[in-house]
Amino acid sequence: MQTFDSDGVTIAYIDVPAVRGAGDPVLLIHGFASNHAVNWVNTLWVRTLSQAGYRVIALDNRGHGESEKLYDPAAYSSDAMAGDAVRLLDHLGIARADVMGYSMGARITAYLALDHASRLRSALLGGLGMHLVEGRGLPSGIAEALEAPPGTPAPNPTAQAFRLFAEQTRSDLRALAACMRGSRQTLSRAEVAQIELPTLVSVGTLDTVAGSASGLAALMPNARALEILDRDHSTAVGAKPHRDGVLAFLAARP
């Protein structure tokens, strides 16, 4: 991976050229407790997009993967992480990119679409629907489960699942706890309505975390929903119908 300085924070990223031609750039932003490899490489997104003729950039969000670990929840606001994405585009000399995020990464993408619309060709929000507005989805106790000593029972199954996932990805649990506490901002319906970019909202039909894809898409003037049949929050991201839907969307957007 390569790294760059994002306003004093070291951010790691990959930059994969299109298999053929220069390729329009697509920036991928992963979800909470994941990293670029788990979210985008292992799920075949990087290969699929590069083979389809796109230049693929994927970063490790601050506190994740090979990027710098921070322990103050205030360092993990959606605005701060959106700033990392903008500065990465600046670092690479990219004026505009299609930006795709999943779960927490979709929240960051929504903030980019609202506050930095001139830098995006389109916004692709995966694994996040109406809970971007309603603020529901994940139960409490996740940060506490991440900080607890090994073997401590988690307060609920979701918190336990995140603890296990974070351990599997060899994450810094204390940094992730700070991120969980600092990154759960919402947007108002009025703010979402200001997102005029071509937008795709993709959610699995079994996803209990994201909220309604069609409900969120209906709030935006140029958005549509993609329902990924029989997939939940963890299995929708790499599903072939998801990849096919995104490729069709990118091919049709202006």
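How many aromatic pairs does the structure hold? It holds three, and a pair here means rings of Phe, Tyr or Trp (its six-membered ring) whose centres lie within 6.5 Å; planes under 30 degrees apart count as stacked, over 60 as edge-to-face and the rest as tilted.

Before the details, a word on what you are looking at. This is a predicted model, in which local features need pLDDT of at least 70 and side-chain atom pairs count only at pLDDT 80 or more, while totals for chains, interfaces and linings use all residues. Residues are numbered from 1 along each chain as its sequence is written, and side-chain values use heavy atoms, with hydrogens and water left out.

## Aromatic pairs

A pair of aromatic rings is described by the distance of the centres and the angle of the planes. Two of the pairs are set out here.

| Pair | Distance of ring centres | Angle of planes | Kind |
|---|---|---|---|
| Phe4 and Tyr13 | 6.0 Å | 75° | edge-to-face |
| Trp40 and Trp45 | 6.2 Å | 75° | edge-to-face |

Phe4 and Tyr13 are both buried, where buried means under 20% relative accessible area, exposed over 50%, and partly exposed in between (1.4 Å probe, protein chains only). Trp40 has a relative accessible area of 0% and is therefore buried. Trp45 is also at 0% relative accessibility, so this residue counts as buried.

Another ring has a charged neighbour: Arg174 lies over the face of Tyr71, at 3.7 Å from the ring centre. For such an arrangement, NZ of Lys or CZ of Arg must be within 6 Å of the ring centre and within 35 degrees of the ring normal.

## Helix α11

Helix α11 runs through residues 240-252 and has 13 residues. Helices here are DSSP runs (H or I, at least four residues), as are strands (E, at least two), and they are numbered from the N terminus. From first C-alpha to last, α11 reaches 18 Å, close to the 18 Å expected at 1.5 Å a residue; the expected span is 1.5 Å times one less than the number of residues.

Which residues of α11 are buried? They are His242, Arg243, Gly245, Val246, Phe249 and Leu250. These residues cover an arc of only 165° around the axis, so they sit on the same side of α11; the arc is that of the directions from the helix axis to the C-beta atoms. On the other side of α11, Ala251 and Ala252 are exposed.

The buried residues of α11 pack against several elements, including β3 (25-29), α2 (45-51) and β5 (97-102). Also among these partners are β6 (120-126), β7 (199-204) and β8 (223-228).

## Thr43 in its loop

Thr43 is found in the loop between α1 (36-41) and α2. Its relative accessibility is 14%, so Thr43 counts as buried. A polar atom of the Thr43 side chain lies 2.6 Å from the backbone oxygen of Asn39. Apart from neighbours within four places in sequence, Thr43 is in contact (heavy atoms within 4.5 Å) with Val38, Val237, Gly238 and Arg243. Arg243 is one of the buried residues of α11.

## The loop between α7 and α8

Ser171 has its place between α7 (157-168) and α8 (173-182). The Ser171 side chain makes a polar contact with the side chain of Thr169 at 2.7 Å. A polar contact is a pair of N or O atoms within 3.5 Å; within protein, one must be able to donate a hydrogen and the other to accept it, and residues adjacent in sequence count only if both atoms are side-chain atoms. Not counting residues up to four places away in sequence, Ser171 touches Ala33, Ala166 and Leu176.

Arg170 lies in the loop between α7 and α8. Arg170 is not a glycine, yet has a positive phi of about 55°. With a relative accessible area of 78%, Arg170 is exposed.

## Asp230

Where does Asp230 lie? Asp230 is in the loop between β8 and α11. Phi of Asp230 is near 60°, a positive value in a residue other than glycine. At 59% relative accessibility, Asp230 counts as exposed. Asp230 touches Thr205 and Leu206, leaving out residues up to four places away in sequence. The C-alpha atoms of Asp230 and Thr205 are separated by 5.6 Å, with the two residues 25 residues apart along the chain.
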